[in-house]
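Subject: Structure for you to look at

Hello,

Here is the structure I promised to hand over. Please open it first, then read my notes below with the model on screen.

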Amino acid sequence: MAAPQDDMFSLCVDPGKVSSCVEVRFIDKTKGKGLFARRSIKKGDTIFVERPVVSSQFLWNALYKYRACEYCMRALEGAEENARRLSGKPGLSLPYPELCRVQSDRQQACPHCQVMYCSSECRQAAADQYHRALCLGPSHEDPDHPLNKLKDAWRSMHYPPESSSITLMARMVALVKQGQLALLQGFFSAALYEDHLSQWFTPGGFRSLFSLVGTNGQGIGTSSLSQWVHACDALQLPAQQREQLDSFIDQLYKDIEKETGDFLNCEGSGLFLLQSSCNHSCIPNAEAAFPDNNFLLHLSALSDVQPGEEICISYLDCCQRDRSRHSRHKTLRENYLFVCSCARCTSQADEADVTSEEEEEDEAEGEAEGDEMEDEMTDV
């Protein structure tokens with residue numbers, strides 16, 4: 001069962017603006033649907049801005065005190081507060097504090113369960129869309145509440161670094177294979193069951209929800225510190241002041257890397273109707289970003305796109321895209337269950353299917369990092 005497509009679409013994007021630019025077409029039974037340009041799009045153009053049907057911060061991310069609006073995922077920490085926590089320096093002061101865009105005076109808590117929002121508008125939107133059904137009220141810290149049991153069960157099965165694409169989907173499949181999905185389904189039903197939604201609470205219906213998230217989830221990252229840095233980059237400063245500011249920022253990131261590593265943002269995932277129609281290419285002509293420091297996805301063109309051309313993103317990060325055809329296919333096959341046939345892969349069809357030394361080294365490092373992460377979890 002799905003909500004009427006037109007109603008859901010109107011919640012997420014402006015149909016008038018988007019329909020003049022792109023359209024969703026069925027390609028074939030193998031690839032399914034795809035997103036295509038209806039007119040010429042120039043490199044650097046924003047193709048569309050889309051609001052997710054639903055989104056959520058990762059549970060481990062929230063547990064590690066990355067505070068984000070419960071509705072739009074806007075970072076709730078000010079840039080200075082964020083920098084102090086990430087660098088482990090409680091006395092740190094940021095220059096140009098006026099460039100921080102976080103408006104703490106606008107933040108509001110749910111009066112019943114105390115979850116935080118960046119504004120009254122987000123609090124009301126959440127209440128209208130889903131929070132009335134999910135609000136724990138005075139039981140928000142009760143470990144025996146079904147929703148809290150559901151969250152604890154998920155965290156115990158799904159360690160960070162969390163991902164809405166590769167890792168998340170792989171582990172969702174593993175949960176089904178190992179029979180642990182039934183545990184989550186039980187907590188899910190106890191927390192949310194209603195007769196008129198019964199189809200979602202059957203084993204098949206619950207697997208469908210998992211599959212929907214696993215195959216279409218888009219990672220979301222927000223950061224007040226990143227917004228401050230971008231604002232600093234845009235300042236027109238004398239050469240000496242620019243050098244001092246850049247040096248300060250470089251040292252700050254070194255301190256953060258030493259204290260926190262790469263785990264910098266408020267992170268979560270969302271389901272986007274248009275973005276989820278974008279297929280993968282190892283030479284993508286578009287990419288998604290979140291420049292507004294909230295859940296609004298901006299899809300931008302990486303190259304000129306001609307009318308009728310398919311708009312593709314990459315499911316791989318930059319480092320993965322730079323690797324051999326065999327390495328790319330291995331990652332896509334294991335995590336997305338398909339073999340890429342984009343123009344780049346087709347042109348490299350004669351390459352030897354040999355795993356590179358770089359890939360073997362990365363896999364060894366990944367296994368070591370996984371072991372370290374499991375050890376660190378005992379300190380939480």
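**What I found**

Asn 279 has Cys 312 of E12 as its bridge partner. Before the rest, some ground rules. This is a predicted model, where local features need pLDDT of at least 70 and side-chain atom pairs count only at pLDDT 80 or more, while totals for chains, interfaces and linings use all residues. Residues are numbered from 1 along each chain as its sequence is written, and side-chain values use heavy atoms, with hydrogens and water left out.

**The sheet**

Strands of a sheet pair through backbone hydrogen bonds, either parallel or antiparallel. Here two strands pair if DSSP finds at least two bridges between them. The open sheet has 4 strands, ordered E1-E2-E12-E9, with mixed pairing. Strand E1 (22-28) and strand E9 (279-280) stand at the edges. Each has a single partner strand, so one side of each is left without a neighbour in the sheet. E9 pairs with strand E12 (residues 310-313) in the parallel sense, over 2 bridges.

**Helix H13**

H13 (residues 325-336) has 12 residues, so it should span 16 Å; its end C-alpha atoms are 15 Å apart, which agrees. H13 is mostly covered, with 10 of its 12 residues buried. Buried means under 20% relative accessible area, exposed means over 50%, and partly exposed is in between (1.4 Å probe, protein chains only). Among the buried residues are Arg 325, His 329, Leu 332 and Tyr 336. Just after H13, Leu 337 takes a positive phi of about 65°.

**Aromatic rings**

A pair of aromatic rings is described by the distance of the centres and the angle of the planes. Rings of Phe, Tyr and Trp (its six-membered ring) pair if their centres lie within 6.5 Å; planes under 30 degrees apart count as stacked, over 60 as edge-to-face and the rest as tilted. The structure holds 8 aromatic pairs. One of them is Tyr 64 with Phe 263, edge-to-face, at 6.0 Å centre to centre and 90° between the planes. This pair links distant parts of the chain, 199 residues apart. Tyr 64 is partly exposed, at 27% relative accessible area.

Tyr 71 and Phe 295 also pair edge-to-face, at 5.3 Å and 65°. They are 224 residues apart. Tyr 71 is buried at 7%, and Phe 295 is buried at 3%. Ring pairs also link Trp 60, Tyr 64, Tyr 66, Tyr 159 and Phe 263 into a cluster.

**Arginines**

A charge sits over a ring if NZ of Lys or CZ of Arg is within 6 Å of the ring centre and within 35 degrees of the ring normal. The charged end of Arg 25 sits over Phe 36, 4.5 Å from the ring centre. That of Arg 85 sits over Tyr 66, 4.3 Å from the ring centre.

Arg 106 is partly exposed, at 35% relative accessibility. Its side chain joins that of Glu 121 in a polar contact of 2.8 Å. A polar contact is a pair of N or O atoms within 3.5 Å; within protein, one must be able to donate a hydrogen and the other to accept it, and residues adjacent in sequence count only if both atoms are side-chain atoms.

Best wishes

Notes: The expected span of a helix is 1.5 Å times one less than its number of residues.
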